[in-house]
Amino acid sequence: MIFAAGFGTRMKHLTQSQPKPMIPVAGKPLIDHALETAEAVKPPRVVINLHYLPHVLEAYLANRPVITLREEPDILETGGGLRNALPLLEGDPVLTLNPDAIWAGPNPLRLLLDTWNPEQMDALLICVPLARVHGRNGGGDFRLNQDGRLHRGGDMVYGGAQIMKTDLLNKVEEHAFSLNVPWNMMAEQGRLFGLSYSGHWSDVGHPDGITIAENMLRDHHV
């Protein structure tokens, strides 16, 4: 699943007439970068959730082999959006991907699939060491133990790509909620895992992030 429902308010004028995933980076929209990452691992289906200016993405994706799903009337955040899409995803576990980041290195979804251990894990998140993070201010999100388990706080940034089981989504009472809610449940059980990304990663969360991401792709081309 690709999360494309957000308002992209930090992008200012760039999202006045288009949703954030339509913003071009290195000659193509962010949504195309995400779709190329997804299509490389040949998933049985790709679902993209929409909310802000959904008709723009619907028109752009009309002839692509993807399923679009409008979140109406309210936006559901990442956790609620994923739960809402489960009937269309038709599988468990699921891969999820945020389109507002650019990767320079191995395909993150391939790394997740190659490392996934359902006996041990309820979710596996790609995390990027701060030294290889571009376009993002602030500290990390997680600390990665030697055994691969994730804990809050540390020098690892969640890169927006994960594989996770979905049963805990149905235990959340809120209609709209973040993926942080089930992740916290998993962490308490020792079943939230992370994978350190060996390449470079850029957050395209603000207008300057476009040039930063393009420079990263130029300097760390794989």
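Predicted model: local features only at pLDDT ≥ 70, side-chain atom pairs only at ≥ 80, totals over all residues.
Three strands make up an open sheet, ordered S7-S14-S9, with mixed pairing. S7 and S9 are the edge strands; each has a single partner strand, so one side of each lacks a neighbour in the sheet. Strands of a sheet pair through backbone hydrogen bonds, and the sense is either parallel or antiparallel.

S7 spans residues 101-104 and pairs with S14 in the antiparallel sense, over four bridges. Ala 101 has Asp 203 as its bridge partner in S14. S9, residues 133-134, runs parallel to S14 and is joined to S14 by two bridges. His 134 has Ser 202 as its bridge partner in S14.

Which residues cover the two faces of S14 (residues 200-203)? His 200 and Ser 202 lie on one side, Trp 201 and Asp 203 on the other. All four are buried.

**Aromatic pairs**

Four aromatic pairs turn up in a search of the whole structure. A ring pair is described by the distance of the centres and the angle of the planes. Two of the pairs are set out here.

| Pair | Centre to centre | Angle of planes | Geometry |
|---|---|---|---|
| Trp 103 and Tyr 197 | 4.9 Å | 80° | edge-to-face |
| Phe 142 and Trp 183 | 6.2 Å | 70° | edge-to-face |

Trp 103 sits in strand S7, while Tyr 197 sits in the loop between strand S13 (192-196) and S14; the pair therefore ties together parts that are 94 residues apart in sequence. Trp 103 and Tyr 197 are both buried.

Phe 142 belongs to strand S10 (residues 142-144) and Trp 183 to helix H5 (residues 180-188), so this pair ties together parts 41 residues apart in sequence. Phe 142 has a relative accessible area of 1% and is buried. Trp 183 is buried too, at 4%. Tyr 158 joins them: ring pairs link Phe 142, Tyr 158 and Trp 183 into a cluster.

**Helix H4**

H4 covers residues 108-115, and its Pro 108, Leu 109 and Leu 112 are buried. Down the axis of H4, the buried residues fall within an arc of 100°, so they line one face of the helix. An α-helix has 3.6 residues a turn, so residues three or four places apart point the same way.

What do the buried residues of H4 pack against? Their partners are helix H1 (30-39), strand S6 (94-97), S7, strand S8 (123-129), strand S12 (156-164) and S13. S7 is also an edge strand of the sheet described above.

The N-terminal end of H4 is capped by Asn 107. A side-chain oxygen of Asn 107 lies 2.8 Å from the backbone nitrogen of Leu 109.

**His 51**

His 51 is placed in the loop between strand S4 (47-50) and helix H2 (54-60). Is His 51 buried or exposed? His 51 has 18% relative accessibility. The cut-off for buried is under 20%, so His 51 counts as buried.

Neighbours within four places in sequence aside, His 51 is in contact with Ala 5, Phe 7, Glu 71, Pro 73, Asp 74 and Ile 75. Glu 71 also makes a polar contact: its backbone oxygen lies 2.7 Å from a polar atom of the His 51 side chain. From His 51 to Leu 69, the C-alpha to C-alpha distance is 8.5 Å, across 18 residues in sequence.

Terms used. Residues numbered from 1 in each chain as written. Heavy atoms only, no water. Buried < 20%, exposed > 50% of the residue type's maximum accessible area, 1.4 Å probe, protein only. Pairing = 2+ DSSP bridges. Phe/Tyr/Trp six-rings, centres within 6.5 Å; stacked < 30°, edge-to-face > 60°. Arc of directions from axis to C-beta. Contact = heavy atoms within 4.5 Å. Polar contact = N/O pair within 3.5 Å; in protein donor to acceptor, adjacent residues only side chain to side chain.
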